[in-house]
Amino acid sequence: MLDGFRQIVPAPPPPADIFTTYQLTHQFYREAEARQEFQAYCEWYRQTAKRHQKEFKKMQGDINIFGWFCRR
């Protein structure tokens with residue numbers, strides 16, 4: 001008869017260590033994801049800056065048409 005009651009009694013709640021481990025793991029993966037996103041952003045920014053520098057250098061060699069109209 002006691003074996004029948006053992007099946008009815010719920011299992012004890014898990015220890016608090018499991019929750020802290022889960023929370024720590026979650027925070028670690030979120031931090032790793034944030035760093036990867038930041039690294040991708042920095043790479044995009046570097047590429048964009050290089051492209052803009054090339055365009056600016058190219059524009060400096062162009063004829064300044066606006067300057068012709070503003071001459072006094």
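**View 1. Tyr29 and Phe28, a ring pair.** Y29 is exposed, at a relative accessible area of 56%. Exposed means over 50%, buried under 20%, and partly exposed in between (1.4 Å probe, protein chains only). F28 also counts as exposed, at 53% relative accessibility. The two rings, F28 and Y29, form an edge-to-face aromatic pair. Their centres lie 5.6 Å apart, with 75 degrees between the planes. Rings of Phe, Tyr and Trp (its six-membered ring) pair if their centres lie within 6.5 Å; planes under 30 degrees apart are stacked, over 60 edge-to-face, and the rest tilted.

This is a predicted model: local features need pLDDT of at least 70, side-chain atom pairs count only at pLDDT 80 or more, and totals for chains, interfaces and linings use all residues. Residues are numbered from 1 along each chain as its sequence is written, and side-chain values use heavy atoms, with hydrogens and water left out.

**View 2. Y41 and Y45 on helix α2.** Which helix carries Y41 and Y45? Both sit in helix α2 (residues 16–60). They are four residues apart, so about one helical turn separates them. The ring centres of Y41 and Y45 are 6.1 Å apart. Their planes meet at 45 degrees, so the pair is tilted. Y41 is partly exposed, with a relative accessible area of 43%. Y45 is partly exposed too, at 49%.

**View 3. The ring cluster of Y41, W44 and Y45.** Ring pairs link Y41, W44 and Y45 into a cluster. How many aromatic pairs does a search of the whole structure find? The count is four.

**View 4. The cysteines C42 and C70.** C42 is partly exposed, at 22% relative accessibility. C70 is also partly exposed, at 44%. A disulfide is a covalent bond between the sulfur atoms of two cysteines. Here the term requires a pair of cysteine sulfur atoms within 2.5 Å. A search of the whole structure finds zero disulfides.

View 5. Helices (H or I, at least four residues) and strands (E, at least two) are DSSP runs, numbered from the N terminus. Of the 72 residues, 1% count as buried. The protein exposes about 7,900 Å². Carbon and sulfur atoms supply 62% of that area. Accessible areas come from the Shrake-Rupley method with a 1.4 Å probe; for residues, only the protein chains shown count as cover.
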